[in-house]
Amino acid sequence: MADIHVEEFYKDVAIALVQLYGAFPRRVNLFVEDIAGPDEPDEFGLHSKRHMACFGALLWLQEEGLLRYVDTIRQEALDQAVLSHAAFVRLSAPAPASLNQLVTPSSQTSDGQLPASVQQDLSTYIHLIRTALKSGHSGRISQIVQATFFADRNG
């Protein structure tokens, strides 16, 4: 079992990427509370570790070239965030059939019953991430995000 902070990282990354993909190519404000949930700063105005971990994940996505933004809004949000070209292309790409079968039961992807364009949309990485998020299964979310961005892409 993975450390809880790593599973939360993968979930935060998945939610942020889905939000940005849904708005692409518009620039949007990406709020930490929309991803990690509400947070009440303490008496000194400091956010919780959970809030800061999510904010750190968003900054990390930029450092790794998966999104761009104009500025931060304190430690509350990224101002005018947008997916990078590399992230958009990867999220739009078809995932391997083996990964698709892991997330989407074969009864939902019955070959031949859906138009080719729909089958193609259902096989993309962004669809798998959305499906994993809907499942709420943290292990599945982690696995899909890892396969999308961190797996060896040469094989």
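The legends below describe close-up views of a predicted model of one protein chain.

**View 1. Overall arrangement of the protein chain.** The secondary structure of this predicted chain consists of 8 helices and 4 strands. Read from the N terminus, the order of elements is α-β-α-α-β-β-β-α-α-α-α-α. The chain has 155 residues, and 37% of them count as buried. When contacts between residues at least 6 apart in sequence are considered, 58% join residues at least 24 apart.

**View 2. The largest nonpolar core.** This core holds 38 residues, and L30, L58 and L91 have the most contacts inside it. Helix 1 (residues 4-23) supplies the largest share of the core, 10 residues. In soluble globular proteins, nonpolar side chains tend to be buried together.

**View 3. Surroundings of L30.** L30 is one of the residues with the most contacts inside the largest nonpolar core. With neighbours within four places in sequence left aside, its contacts are A16, Q19, L20, I35, L58, L67, E76, A77, L78 and A81.

**View 4. Helix 1 against helix 3.** The axes of helix 1 and helix 3 (residues 49-63) come within 9 Å, with a crossing angle of roughly 60 degrees. Helix 1 is therefore oblique to helix 3. The crossing is right-handed. On the side of helix 1 the contact is made by E8, F9, D12, V13 and A16, and on the side of helix 3 by R50, C54, A57, L58, W60 and L61. By class, this contact has 8 nonpolar residues, 3 charged residues and no polar ones.

**View 5. Helix 1 against helix 7.** Helix 1 and helix 7 pack with their axes 10 Å apart, at an angle of about 125 degrees. The two helices are therefore oblique to each other. Their crossing is left-handed. Residues K11, A14, I15, L17, V18 and Y21 of helix 1 meet I126, I129, R130 and L133 of helix 7. The contact comprises 8 nonpolar and 2 charged residues, with no polar residue.

**View 6. Helix 7 and the residue that follows.** In helix 7 (residues 125-135), the buried residues are Y125, I126, H127, L128, I129 and A132. Of these, I126 and I129 also meet helix 1. Just after the helix, G136 has a positive phi of about 75 degrees.

**View 7. Helix 1 against helix 8.** The axes of helix 1 and helix 8 (residues 138-150) cross at roughly 65 degrees and come within 9 Å. Helix 1 is therefore roughly perpendicular to helix 8. The crossing of this pair is left-handed. Helix 1 contributes E7, Y10, K11, V13, A14 and L17 to the contact, while helix 8 contributes S138, I141, S142, V145, Q146, F149 and F150. These residues divide into 8 nonpolar, 3 polar and 2 charged.

Notes: Residues are numbered from 1 along each chain as its sequence is written. This is a predicted model: local features need pLDDT of at least 70, side-chain atom pairs count only at pLDDT 80 or more; totals for chains, interfaces and linings use all residues. Side-chain values use heavy atoms; hydrogens and water are left out. A nonpolar core is a set of buried Ala, Val, Leu, Ile, Met, Phe, Trp, Tyr and Cys residues joined through side-chain atoms within 4.5 Å. Buried means under 20% relative accessible area, exposed over 50%, partly exposed in between (1.4 Å probe, protein chains only). Contact means heavy atoms within 4.5 Å. Axes are lines fitted to C-alpha atoms, for helices over the stretch in contact, and angles run from 0 to 180 degrees between N-to-C directions. Angles under 35 degrees count as roughly parallel, over 145 as roughly antiparallel, 65 to 115 as roughly perpendicular and the rest as oblique. A crossing is left-handed if the near helix is turned anticlockwise from the far one by less than a right angle, and right-handed if clockwise. Ala, Val, Leu, Ile, Met, Phe, Trp, Tyr, Cys and Pro count as nonpolar, Asp, Glu, Lys and Arg as charged, and the others, Gly among them, as polar.
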